[in-house]
Amino acid sequence: MKKSKNNSEVKKLNRNRVFRYINSKEKTSMPEVAAALHMSSPTVLQIVRELNEAGVLLDAGELESNGGRKPKALTTVKDIRYALGIEITQNHIGIVLTDLTKAVKASARLREKFVFEDAYFKTLGRVLEEFVEEEQVDKDKVTGVGISVPAIVDMPRNYITYSRALNLYDVAGDVFSRYIPYPCTLINDASAAAASEWGLGYLKENLVYLSLSNTVGGAILFQNSSEYMEDDDYSTSVFENMYIGNHWHSGEFGHLTIHPDGDTCYCGKKGCVDAYCSALRLSKETDGQLEQFFVELEKENPEIRKAWDTYLEDLSIAVDNLRMCFDCEVVLGGYVGSCMKPYISELRDKVARRNIFEGAGDYISVCTFQNEASALGAAVFYIEDFMNSI
Ligand SMILES: [Zn+2]
């Protein structure tokens with residue numbers, strides 16, 4: 001049951017909804033805000049005044065009129081705050097800069113092998129500072145640095161419980177941010193990647209993200225939208241809508257069983273999705289080079305084509321299971337998801353054949369951001385944090 005809110009909580013929530021609505025549009029007007037959020041004109045006027053006083057809105061001229069006086073255009077100050085995202089993988093460091101647009105404003109990627117040593121974290125701090133200098137970011141406007149890691153992360157404690165990829169158990173997040181002079185928090189890589197997609201306009205949708213990299217992971221984003229719900233609720237941030245489970249183990253789709261007694265997964269179990277749908281399953285066909293796999297596939301190399309068909313068949317089982325559980329959009333990300341675009345209709349057809357309710361698989365889509373997805377989503381965490389404070 002929802003807790004009832006007191007007057008000042010309602011006011012803050014309304015102010016936040018108005019701000020988020022204006023921020024989601026390039027330009028809008030008070031009448032549009034009032035209509036979209038079902039608020040009275042005086043309420044919207046009062047909130048816009050407050051937001052103006054807080055310096056978060058910008059005078060953007062006038063909008064075209066449909067008759068009568070031209071309404072004043074409202075827009076948010078997109079660069080009032082910046083956030084940075086870092087993605088740590090076994091062999092790379094990725095960095096992304098974003099602002100209230102939640103788009104990639106600048107990015108960098110370098111090869112740096114992860115080692116759990118002070119020297120590595122020193123390097124991390126140095127490359128971030130170099131990036132900030134290079135991009136001439138106003139440091140006073142940096143609200144925080146989200147650090148995406150391929151790990152199970154207990155976010156309230158900012159703590160890694162386990163990471164196979166980085167070979168870590170029970171590590172506090174502070175270790176990672178030792179040389180970073182901004183607020184920092186660790187975020188699971190698939191959750192961060194999902195957040196990057198959600199910022200783009202899935203805001204009102206439920207969404208399952210399936211990350212297909214050298215391991216398989218995922219994230220579940222619930223707006224709990226349904227035909228019974230208002231379709232214009234801009235009040236909540238993406239991280240509040242992430243389903244995390246009781247032990248931060250939700251979305252571990254890599255360990256769903258799709259072939260009982262099948263191939264052995266790295267977790268020791270047999271027949272896991274990970275054993276069949278990780279990027280390694282493809283790259284092992286081309287000497288560890290995933291890019292080469294897709295080059296050969298495009299050339300219709302028969303061996304590679306066969307491997308791809310098998311892969312898609314297995315993936316279709318996994319995706320169909322997700323659709324059965326969650327009845328929502330399924331976005332494919334990670335190394336393989338990024339290369340999936342030309343083949344998405346093949347996958348949709350295979351999934352549709354398994355689905356008992358639907359004749360088409362058009363709820364399956366390919367991620368928008370590729371290499372930058374996790375770093376961007378990690379940065380979005382701090383943008384959301386700032387927006388919540390408004
Ligand atoms: Zn497994």
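Helix H9 (302-326), strand E13 (329-333) and strand E14 are among the elements that cover the buried residues of helix H11. Here, contact means heavy atoms within 4.5 Å, and buried means under 20% relative accessible area, exposed over 50% and partly exposed in between (1.4 Å probe, protein chains only). The model is predicted: local features need pLDDT of at least 70 and side-chain atom pairs count only at pLDDT 80 or more, while totals for chains, interfaces and linings use all residues. Residues are numbered from 1 along each chain as its sequence is written, and side-chain values use heavy atoms, with hydrogens and water left out.

- Ile344, Leu347, Lys350, Val351 and Ala352 are the buried residues of H11; helices (H or I, at least four residues) and strands (E, at least two) are DSSP runs numbered from the N terminus.
- Ile356 lies in the loop between H11 (344-354) and E14 (364-366).
- Ile356 counts as exposed because its relative accessibility is 67%.
- Together with Met324 and Phe357, Ile356 makes a nonpolar surface patch of about 370 Å².
- Patches consist of residues with over 30% relative accessible area and no salt bridge, where like charges are joined within 9 Å and nonpolar side chains (Val, Leu, Ile, Met, Phe, Trp, Tyr) within 5 Å; a salt bridge is a side-chain nitrogen of Lys or Arg within 4 Å of a carboxyl oxygen of Asp or Glu.

**Nonpolar cores**

- The largest nonpolar core has 82 residues, and Ile88, Ile147, Val149 and Phe176 have the most contacts inside it; such a core is a set of buried Ala, Val, Leu, Ile, Met, Phe, Trp, Tyr and Cys residues joined through side-chain atoms within 4.5 Å.
- Helix H12 (residues 373-388) gives the most to this core, with 11 residues.
- A second, separate core of 41 residues includes Phe293, Val319, Val336 and Leu347.
- Beyond its neighbours within four places in sequence, Ile88 is in contact with residues including Phe114, Ile147, Val149 and Phe176.

- Strand E11 (residues 207-212) is largely enclosed by the rest of the structure, because 6 of its 6 residues are buried.
- Leu207, Tyr209 and Ser211 on one side of E11, and Val208, Leu210 and Leu212 on the other, are all buried, so that both faces are covered.
- E11 pairs with strand E12 (residues 216-221) in the antiparallel sense over 6 bridges; two strands pair if DSSP finds at least two bridges between them.
- The two strands E11 and E12 form a hairpin with 3 residues between them, and Val216 in E12 is the bridge partner of Leu212.
- With E13, E11 pairs in the parallel sense over 5 bridges, and Leu210 stands opposite Leu332 in E13.

Key
Areas by Shrake-Rupley, 256 points an atom, 1.4 Å probe, with all protein chains shown as cover.
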